[in-house]
Amino acid sequence: MNQKTIAFIGAGNMAFAIIAGLVKSGYPAANIIACNKSNQARCEQLRQMGLQVDLTNREAVERADVVILAVKPQMMAEVCAEFAEVDFADKWVISVAAGIAVARLEQLLPSARNIVRTMPNTPSLIGEGMSGLFAKKIVEPTACRFAEQLLSAVGQCYWVETESQLNQIIAITGSSPAYFFKFMEAMQQSAVKMGFSEQDARVLVQSVAIGAAKMVAANPELSLATLRENVTSKGGTTAQALAVFEQHRLDQTVDEAMNAAIKRAEEMEKSL
Ligand SMILES: NC(=O)C1=CN([C@@H]2O[C@H](COP(=O)(O)OP(=O)(O)OC[C@H]3O[C@@H](n4cnc5c(N)ncnc54)[C@H](O)[C@@H]3O)[C@@H](O)[C@H]2O)C=CC1
Ligand SMILES: O=C(O)[C@@H]1CCC=N1
């Protein structure tokens, strides 16, 4: 796997998380090319890590065995137009873009035969990623294995059977780190209102988030409901807090939020 030259087209938040995780896992930085128009500071950071950062998108793609499309979905058509004369027949394409269907990528890169669509997440940066993967049946198994190895270097992988499930994965694992950050932000703000410093509030909130997540992972035999109940003394403080969530229909809010993410992914698939 380490012998392949990988070109990242776009090296923003998501691609950087994968690149940093890959390099940390031992992938030779010299075999990774990153193209990140308009963000020179990031290019410099990647150069310091040993990546090649001075090629144009087209040069990078021509040299690469594996092309990772990691620009914003709205940029995808414009970026792929630069590759109109590149033969993708022997290259593997991995897209991380939300809302760009394989059929659309096939239109944009007509010579590409092996396209794997993925949905990683930013915890990949620290090796704690969770990525969904989808490929049509015609894609070479070696290309699928490569995509899986690549994303396994930065976390866990989950293959979906149908492409529409990848939009559900966006809601469940792609966008969702932001849900947890939002929840922690709200807790931090509340602690600050009580008089704690922002820094102390952050330390308190993040330690409980880490502790709670580790308890979930360490106790697979316990349901999430049981873990919650174990904190909730009858007539006590937690019950009062949870009652407020219940009153504001937290479960329904979360469900609506996740479905809104899916709906947006579907809209993007139709419009981009
Ligand atoms: N941020 C996240 O948590 C996740 C993002 N994604 C997907 O990853 C893709 C990138 O998202 P982010 O990294 O968040 O965005 P970003 O804005 O941080 O990164 C995009 C990068 O592309 C570069 N760029 C723009 N035009 C370019 C061009 N013509 N050629 C080369 N590079 C160019 C920009 O300089 C920027 O650094 C999107 O398609 C998104 O759907 C997928 C999963 C999670
Ligand atoms: O917000 C987005 O559209 C991207 C995809 C999942 C996370 N970030």
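I take helices (H or I, at least four residues) and strands (E, at least two) as DSSP runs, numbered from the N terminus. I note that this is a predicted model, in which local features need pLDDT of at least 70, side-chain atom pairs count only at pLDDT 80 or more, and totals for chains, interfaces and linings use all residues. I number residues from 1 along each chain as its sequence is written, and I letter chains from A and number ligands from 1 in the order in which they are written.

**Entry: asparagine 57**

I looked up Asn57 and found asparagine 57 in helix H3 (residues 57–63). UniProt lists Asn57 under "binding site", in an unreviewed entry. I keep in mind that UniProt positions are given in the numbering used here, that feature names are shortened, and that annotations may be inferred rather than shown by experiment.

Is asparagine 57 buried or exposed? I count a residue as buried if 20 or more other C-beta atoms lie within 10 Å of its own, exposed if 12 or fewer, and partly exposed in between, with C-beta atoms placed from the backbone. Asparagine 57 has 21 C-beta neighbours inside 10 Å and therefore counts as buried.

For contacts I require that the C-beta atoms of two residues, placed from the backbone, lie within 7 Å. Leaving out residues up to four places away in sequence, asparagine 57 touches Ile9, Cys35, Val79 and Glu82.

**Entry: the other annotated residues**

I found that the unreviewed UniProt entry also gives "binding site" for Ile9, Gly10, Ala11, Gly12, Asn13, Met14, Ala70, Val71, Lys72 and Pro73. These span 65 residues in sequence, yet no two of their C-alpha atoms are more than 13.7 Å apart, so they gather at one spot.

I placed glycine 12 in the loop between strand S1 (6–9) and helix H1 (13–24). Glycine 12 is partly exposed, since 15 other C-beta atoms lie within 10 Å. Beyond residues up to four places away in sequence, glycine 12 touches Asn36 and Ala70. Asparagine 13 belongs to helix H1 and is exposed, with 11 other C-beta atoms within 10 Å.

**Entry: the ligands**

I call a residue near a molecule if its C-beta atom, placed from the backbone, lies within 6 Å of it. Ligand 1 is surrounded by 28 residues, the closest being Gly10, Gly12, Met14, Ala97 and Ala98. Which element gives the most to this shell? H1 does, with three residues.

I class Ala, Val, Leu, Ile, Met, Phe, Trp, Tyr, Cys and Pro as nonpolar, Asp, Glu, Lys and Arg as charged, and the others, Gly among them, as polar. The shell around ligand 1 then holds 15 nonpolar, 10 polar and three charged residues. Around ligand 2 I found Ala98, Ile170, Gly174 and Ser175, which divide into two nonpolar, two polar and no charged.

**Entry: domains and chain**

I read the protein chain as domain 1 (6–159) and domain 2 (169–270), with bounds that come from an automatic or database domain assignment. Their centres, taken over C-alpha atoms, are 31 Å apart. The contact takes 10 residues from domain 1 and eight residues from domain 2. On the side of domain 1 that touches domain 2, I noted six nonpolar, four polar and no charged residues.

I recorded 12 helices and seven strands in the protein chain. Of its 272 residues, 32% are buried.
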